[in-house]
Amino acid sequence: MEKKLSFAYQKDGRLSSCKLIVQKDYVEFLEVTKEEPEIKFTYSEKKITIEKGTTEKENTEKENGKIIKLIKNHKILYEKVGKYFSTKLSFPLPILSEMGITEEEKTVTIKKGKKQIIIEKSKSDKLSFVKKEETHMEGKIITIKVNKGGVGKTFVSLQLGAYLSLLGKKVLLLTSDSQNNILDYSFGRKKITFDTGLKEFVAGREGEIIKLRENLNFIPLESSTFGSQFLMKLPNFLEKMRLEYDFILIDSIPTMKIDSTFVKCSDKIIIPVFCDEVTVNGAINVIKEAGVSKVLAVVINKYSNKKIQNLLLKQIKDSIEGTDIIFPEPIKSISDIEELLYKGKTIWESNSKNIEGVKNSIKVIGDKLLEKEETKNEFNFDF
Ligand SMILES: Nc1ncnc2c1ncn2[C@@H]1O[C@H](COP(=O)(O)OP(=O)(O)O)[C@@H](O)[C@H]1O
Ligand SMILES: [Mg+2]
């Protein structure tokens, strides 16, 4: 399986650390736990081998100042992302350079051995059949959609994007709404100006990309009028973005023609729903239009525990029962969210207890996206 490493930098721009997210099934395979995260880390012949346990004797062998062998005790880190933990393996930096891993070529191959995991730098001189594998590693396009305003499409898009980016994924946010509320929710009252954006890119020129957070970029939309040229060229641009990003999330508005192109190009759709009759019916329509298999999640937002809302909640839950569509815990209507958006903070930048449930619901969706990616890559590996 191929994986990208994520780098962290010091303030002066020097590399400070390099990490690899270790998927749960690998950690379980090694029988490493949060209580006993110790591993034996061995580097030799451009390969890293990790296994549970410790070595009595740590050892470094050098030749011409270069590390050729290293055995040391090490840990798989359980890192906090908001309230949640993710498992990461930290790479000693001298080993990185020995393996020839650079910021441009940061893909490694992970294999399971006999109670061991073996990590190697991915070969860049790929054979043609390996190229095929590469196309499977392209980023995924997800549209956040429902035929109603004010439901939380922009909110969900941003928070989900922020979650994935915190886990080291490269995320691009796009929108079909020229109000570009993503900017308001990311920066609060600090006004961000731009001249060009998506239209410029689709026309084949360089538009502006706004960095919202680390690994989280946004391309704004200049206006809400689209020519036929734009609609024709949009799919091509999206395909190009797949090569640069792990996830492309599209914050949509329903009234635009551009929306159906976005949906066509998407691998999955996420539907935020407010529990009123109109929105629930709208959501059921989106599921019918897009097809059940294209819908990744239905997430209730701005929920309050009231009779009618509960009735509609049950109705929508029943209508997706038996499908693969995930249905996270409803996100409650809370003033903390309004306050965070007003201040331009993401939910992951808040420690408020009230936000925990919200984080959990977004995490459920994000983890599902990551899990899909895993099985996709696993399949390639077996191939
Ligand atoms: N769970 C929530 N609780 C309270 N306010 C919310 C919640 N979700 C969204 N909002 C507020 O609702 C408004 C609309 O949300 P937004 O994400 O812009 O919806 P959409 O993109 O579907 O039009 C925003 O002002 C936001 O602050
Ligand atoms: Mg919006």
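A polar contact is a pair of N or O atoms within 3.5 Å; within protein, one must be able to donate a hydrogen and the other to accept it, and residues adjacent in sequence count only if both atoms are side-chain atoms. This is a predicted model: local features need pLDDT of at least 70, side-chain atom pairs count only at pLDDT 80 or more, and totals for chains, interfaces and linings use all residues. Residues are numbered from 1 along each chain as its sequence is written, and side-chain values use heavy atoms, with hydrogens and water left out.

- A backbone N or O atom of Val151 sits 3.1 Å from a ligand 1 oxygen.
- The side chain of Thr154 places an N or O atom 2.7 Å from an oxygen of ligand 1.
- For the side chain of Lys302, the distance from an N or O atom to a ligand oxygen is 3.0 Å.

**Ligand 1: cover and shell**
- Protein covers 84% of the 560 Å² of accessible area that ligand 1 has on its own (Shrake-Rupley method, 1.4 Å probe; for residues, only the protein chains shown count as cover).
- Around ligand 1 there are 17 residues (a heavy atom within 4 Å); Gly150, Thr154, Phe155, Tyr185 and Asn301 come nearest.

**Sheet**
- Strands β12 (residues 171-175) and β15 (residues 247-251) run parallel, joined by 5 bridges.
- Leu172 stands opposite Ile248 in β15.

Methods: Chains lettered and ligands numbered in written order. Pairing = 2+ DSSP bridges. Helix = DSSP H or I, 4+ residues; strand = E, 2+ residues; numbered from the N terminus.
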